[in-house]
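Biologist: Here is a model I would like to go through with you. Please give cut-offs as you use them.

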Amino acid sequence: MPYLIVSDIHGNSEALDAVLADAQGRYDRIFCLGDLVGYGADPNLVAEWARTGTAATVRGNHDRACVGSADTLEAFNPSAQLSAIWTREVLTPENREYLERLPRGPLRIVDEAANGGFDLAHGSPLDEDDYLIAPIDLRFMRPYLDTQVTFFGHTHVQGGFILSHRGVGRIDPHLVLGLEPDFCYLVNPGSVGQPRDGDPRAAYALYNPEDRTVEFRRAPYDVSKAASKILGAGLPPPLAARLFEGT
Ligand code: ZN
């Protein structure tokens, strides 16, 4: 049975519900690559779901900022700062404690069906705040990869990279990815709650270790509802507007 891989939900419960409905019956465990909260209007709903709904979740930079001290906000733009401050105020004590205890990636998931296991990271396997955007960002990565497949998020762009003896190539998320024995893969399921690859639909992936495939999927959701909740909470309007564009 495949695994459901999600990332960057960002307090968007409408998008999360759409992903779970779209994938229903097709997975038996859920793994999350962080950024449960920040930007969106439902951080408590998403954190509560993650506490019981996921088999493992690594922390993202927004999870850290929304429970951490003020200096962790310095790297954020003004909209992200305002949403993090708002999220700190509305989180319940139980959800705050859960977010504080999320492990930093990479986190190894031991699994005999998956060549012994796979890793979960937020940014890159080397640094949770790194953005893996272009093949050049992975030039020196291969010696640090202990598993054939590492899942990562943070960029909110579905796809990822293939590392082979010929170099680094991009994964085409429009195709089902077949895992070849001699290659390494850094796979990004895309963002559930705030896609930035021009497609506003919620993104996720299904990883099937037995078939050795990764299927990338998109689920349409009620963007208007999520956007109006953001505006209703008094969060910065650009955080609502960008959901319609997928940017
Ligand atoms: Zn994120």
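Modeller: Setting aside residues up to four places away in sequence, Ser 124 touches Asp 130, Leu 132 and Met 141, where contact means heavy atoms within 4.5 Å. The model is predicted: local features need pLDDT of at least 70, side-chain atom pairs count only at pLDDT 80 or more, and totals for chains, interfaces and linings use all residues. Residues are numbered from 1 along each chain as its sequence is written, and side-chain values use heavy atoms, with hydrogens and water left out.

Biologist: Is Ser 124 buried or exposed?

Modeller: Ser 124 is found in the loop between β5 (116–120) and β6 (149–151); strands (E, at least two residues) and helices (H or I, at least four) are DSSP runs, numbered from the N terminus. Buried means under 20% relative accessible area, exposed over 50%, partly exposed in between (1.4 Å probe, protein chains only). Because its relative accessibility is 2%, Ser 124 counts as buried.

Biologist: Which backbone nitrogen does the side chain of Ser 124 reach?

Modeller: A polar contact is a pair of N or O atoms within 3.5 Å; within protein, one must be able to donate a hydrogen and the other to accept it, and residues adjacent in sequence count only if both atoms are side-chain atoms. The side chain of Ser 124 makes such a contact at 3.0 Å, and the backbone nitrogen belongs to Leu 126.

Biologist: Why does Asn 12 count as buried?

Modeller: Asn 12 sits in the loop between β1 and α1. Its side chain reaches the backbone nitrogen of Glu 14 at 3.3 Å. Asn 12 counts as buried because its relative accessibility is 3%.

Biologist: What is the volume of the largest cavity?

Modeller: On a 1 Å grid over the protein atoms alone, a cavity is a set of points where a 1.4 Å probe fits but cannot get out; lining residues have an atom within 4 Å of a point. Points are joined across faces, edges and corners, and a volume is the space filled by probe spheres set on them. The whole structure has two cavities of 30 Å³ or more. The largest has a volume of about 90 Å³.

Biologist: Which element gives the largest share of the lining of the largest cavity?

Modeller: Of the 16 lining residues, the closest to the centre are His 10, Asn 12, Gly 40, Ile 230 and Leu 243. Two or more residues come from each of α1 (13–22), α6 (223–232) and α7 (237–245). The largest share, three residues, comes from α6.

Terms used:
On a 1 Å grid over the protein atoms alone, a cavity is a set of points where a 1.4 Å probe fits but cannot get out, and a pocket is an open set with protein on both sides within 12 Å along at least five of seven lines; lining residues have an atom within 4 Å of a point.
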